[in-house]
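Colleague: Hi! I'm new to this one, could you walk me through it?
Modeller: Happy to, let's bring it up on screen.

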Amino acid sequence: MHIVFAASECVPFAKTGGLADVVGALPLELAKLGHEVTVYLPLYAVVRPHLTGQWKYAARSITIPFEYYNRFVGIVDGGKRNGVRYYFVDCPDLFDRQGLYGSGGGEYPNNWERFGLFCRAVLEATKLLGVPAVFHVHDWQASLIPVYLRTIYASDPLLGNVGTVLTIHNAGYQGWFPPQTTERLLFPWDLFTMDKVEHFDTFNFLKGGIVFSDMLTTVSRRYAEEIQTAEFGEKLDGVLRGRAANLHGILNGVDYTQWDPATDGYLAAHYTANVLTGKQECRTDLLHAFGLESIAPSTPVLGIVSRFAAQKGFDILAGITDELMRRDVAVIALGSGEPFYENFFREWAARYPGRVALQVRYDEALSHKVEAGSDIFLMPSRYEPGGLNQLYSLRYGTVPVVRATGGLDDTIDEWNAEQRTGTGFKFHGYAPQDFLAAIDRALAIFPNKQSWQRLMRNGMVKNYSWTQPARQYVEVYTEAVKRRG
Ligand code: ADP
């Protein structure tokens with residue numbers, strides 16, 4: 001089967017979060033299963049260094065019409081890598097910028113135009129370069145593909161029968177724009193109704209994708225249930241309930257070629273579930289990288305790697321900072337994002353020098369070091385569609401303390417001291433004291449070397465590779481094709 005991926009992020013080209021990991025890894029796994037996979041991405045400034053030598057244009061000029069003007073995009077052929085073909089939508093006016101979605105904390109105001117153009121360019125490009133059996137589109141940025149297909153492209157002899165699958169990686173980001181976006185993108189006004197793209201008087205990209213895609217998936221079973229409730233649905237729960245029969249939760253996999261302490265090139269030493277000794281060296285290396293050399297070997301290191309966003313639950317962490325520091329712990333955080341949370345971490349680190357350390361930036365190498373060198377990993381997320389860091393933590397023997405939501409709930413089992421089962425510690429309520437109680441349960445086991453190592457190993461031997469999820473996606477693609485047949 002030929003599957004076209006359309007997404008706004010993909011490792012190694014452009015990444016702000018887990019979406020990029022998924023779009024980087026899933027196509028490779030599908031190619032291994034014998035499918036033909038093509039990935040379309042915008043040609044952002046950060047993509048340029050990956051395109052070595054002279055650019056090869058697969059298409060030089062595709063016309064994308066807007067209300068009173070045209071834009072002309074090129075399709076740059078990124079070649080085949082590990083069996084997967086990459087094409088980049090080149091429109092320097094819109095994509096040749098530093099941020100993927102915005103700069104200095106704000107979104108680009110013309111994101112409707114950037115991603116509207118991207119979606120239409122992908123459709124036009126496939127007519128020249130290969131029409132797939134299925135479009136697999138990701139998040140709001142690619143959500144207009146199914147909308148175009150079932151509206152102004154509905155009678156296209158090449159595209160009319162192509163199936164569509166939308167994966168919602170995070171329903172908190174929907175792409176809301178003014179009603180006039182309808183005509184700016186040349187859609188008829190009858191699209192702007194409550195049962196289509198209209199959402200509280202905005203033009204909502206994600207809602208359009210939800211309404212018009214043949215099949216929907218999200219990145220864990222739990223989150224597939226949660227987004228159908230008012231608490232987690234981000235005001236789309238009604239629409240999602242209406243599509244419940246076509247909505248599946250497929251847990252994200254891990255690319256163990258990148259994330260395995262036995263081979264990870266970013267680490268100071270390697271280790272496995274059988275031979276753990278290298279982890280000590282990774283811990284020393286991490287403490288050095290954060291200037292916490294004086295932390296005693298008996299003191300557990302609590303690690304955080306995250307986008308700093310409200311979703312990630314740092315407000316409940318803020319409620320326990322001083323209480324937590326009465327325990328014998330050190331805290332290491334790597335992240336960036338909303339200034340409010342960056343400042344929260346900065347202030348915390350300033351109040352506890354030598355015990356709390358922070359680096360505010362995006363740093364791939366350092367994120368691997370935090371995973372390997374910490375003893376405990378903290379993810380108190382308010383909601384977490386899938387979550388990758390808890391899966392990395394399992395493999396790295398870094399015991400996760402998580403809130404029981406979305407993918408965190410699906411993948412982490414509470415430690416059971418009698419049966420010696422479980423992989424971490426979970427809490428349910430969204431309150432600082434619930435979080436602290438779960439950390440305390442972890443800290444109570446930590447000094448008991450035998451139990452702790454058992455807990456680490458329980459997680460390290462779990463297998464969350466892409467093999468199983470890739471097969472599940474193929475079933476969903478097959479279903480989408482059937483719906484069109
Ligand atoms: P989300 O997609 O909501 O950000 P996930 O847990 O699904 O959450 O994925 C986050 C990904 O981004 C992980 O691969 C994580 O290591 C990475 N990441 C987040 N913040 C940073 C950072 N500051 N430096 C390096 N990697 C980061």
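Modeller: One term before we start: a pocket here is an open set of grid points where a 1.4 Å probe fits, with protein on both sides within 12 Å along at least five of seven lines. Also, keep in mind that this is a predicted model.

Colleague: Thanks! How much space lies in the second largest pocket?
Modeller: About 380 Å³. There are 22 residues lining that pocket, and the closest to its centre are Val11, Pro12, Gly24, Asp255 and Gln258.

Colleague: Which helices supply at least two residues of that lining?
Modeller: Helix 1 (18-32) and helix 13 (364-373) each do. Helix 1 gives the largest share, with four residues.

Colleague: And how do the lining residues divide into nonpolar, polar and charged?
Modeller: Eleven are nonpolar, six are polar and five are charged.

Colleague: Which domains does the lining draw on?
Modeller: Domain 1 (2-253 + 466-484) and domain 2 (277-460) each contribute at least three residues to the lining of the second largest pocket.

Colleague: You mentioned Pro12. Where is Pro12 found?
Modeller: Pro12 sits in the loop between strand 1 (2-6) and helix 1. The peptide bond leading from Val11 to Pro12 is cis, and its omega is near 5°.

Colleague: Nice. Switching to the ligand: which residues come nearest?
Modeller: Gly18, Arg307, Lys312, Arg361 and Leu388, out of 20 residues around the ligand.

Colleague: How much of the ligand's accessible area does the protein cover?
Modeller: On its own the ligand has 560 Å² of accessible area, and the protein covers 94% of that.

Colleague: Which element gives the largest share of the shell around the ligand?
Modeller: Strand 15 (301-308), with three residues. Helix 1, strand 16 (330-337) and helix 14 (389-395) each supply at least two residues of the shell too. By class, the shell has five nonpolar, eight polar and seven charged residues.

Colleague: And which domains does the shell draw on?
Modeller: Domain 1 and domain 2, with at least three residues from each.

Colleague: Last one: what is the phi of Leu186?
Modeller: Leu186 has a positive phi of about 65°, although it is not a glycine. You'll find Leu186 in the loop between helix 5 (181-184) and strand 11 (198-199).

Terms used
Residues are numbered from 1 along each chain as its sequence is written. This is a predicted model: local features need pLDDT of at least 70, side-chain atom pairs count only at pLDDT 80 or more; totals for chains, interfaces and linings use all residues. Side-chain values use heavy atoms; hydrogens and water are left out. On a 1 Å grid over the protein atoms alone, a cavity is a set of points where a 1.4 Å probe fits but cannot get out, and a pocket is an open set with protein on both sides within 12 Å along at least five of seven lines; lining residues have an atom within 4 Å of a point. Grid points are joined across faces, edges and corners, and a volume is the space filled by probe spheres set on the points. Ala, Val, Leu, Ile, Met, Phe, Trp, Tyr, Cys and Pro count as nonpolar, Asp, Glu, Lys and Arg as charged, and the others, Gly among them, as polar. Domain bounds come from an automatic or database domain assignment. A residue is near a molecule or strand if one of its heavy atoms lies within 4 Å of it. Accessible areas come from the Shrake-Rupley method with a 1.4 Å probe; for residues, only the protein chains shown count as cover.
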